[in-house]
Amino acid sequence: MVIFIAVIAVVGIAALVAFQIAGPMGIEERFRNALGIPHDMGDVPGDSGVSGFSLEGQPLLYAVVLCVLGIICIAAYRHFSL
């Protein structure tokens, strides 16, 4: 159990570092900034993501999904007695 908690901690820290590196901008905004294309809000459709679900630029939703995945991992660990 201690090893499992350590793995969760390492993955959680890695996820936070990845979020800090990626920042709150979506991939389209990072692409436009990298190429120097001016950003016009009129030509960019709203974030739809996969089936209307997107994590980019939403730190709270990112944290919620990370916690839910952690809870699912713990439940699977306890259910299957790994």
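How many helices and strands does the secondary structure of this chain come to? It comes to three helices and zero strands, running α-α-α from the N terminus on. Helices here are DSSP runs (H or I, at least four residues), strands are runs of E (at least two), and both are numbered from the N terminus. This is a predicted model, where local features need pLDDT of at least 70, side-chain atom pairs count only at pLDDT 80 or more, and totals for chains, interfaces and linings use all residues. Residues are numbered from 1 along each chain as its sequence is written, and side-chain values use heavy atoms, with hydrogens and water left out.

**Confidence**
- The chain averages a pLDDT (the predictor's confidence in each residue, from 0 to 100) of 74, and 74% of the residues score at least 70.
- Confidence is lowest in helix 2 (residues 27-35), with a mean of 78, and highest in helix 3 (residues 59-80), at 83.

**The chain overall**
- Of the 82 residues, 11% are buried, meaning under 20% relative accessible area, while exposed means over 50% and partly exposed is in between (1.4 Å probe, protein chains only).
- Take the contacts (heavy atoms within 4.5 Å) between residues at least 6 apart in sequence: 50% of them join residues at least 24 apart.

**Helix 3**
- Leucine 69 lies in helix 3 and counts as partly exposed because its relative accessibility is 48%.

**Methionine 1**
- Methionine 1 sits in the segment before helix 1 (2-22).
- Its relative accessible area is 42%, so methionine 1 is partly exposed.
- Leaving aside residues up to four places away in sequence, methionine 1 touches Tyr77 and Arg78.
- Methionine 1 and isoleucine 74 are 73 residues apart along the chain, and their C-alpha atoms are separated by 9.6 Å.
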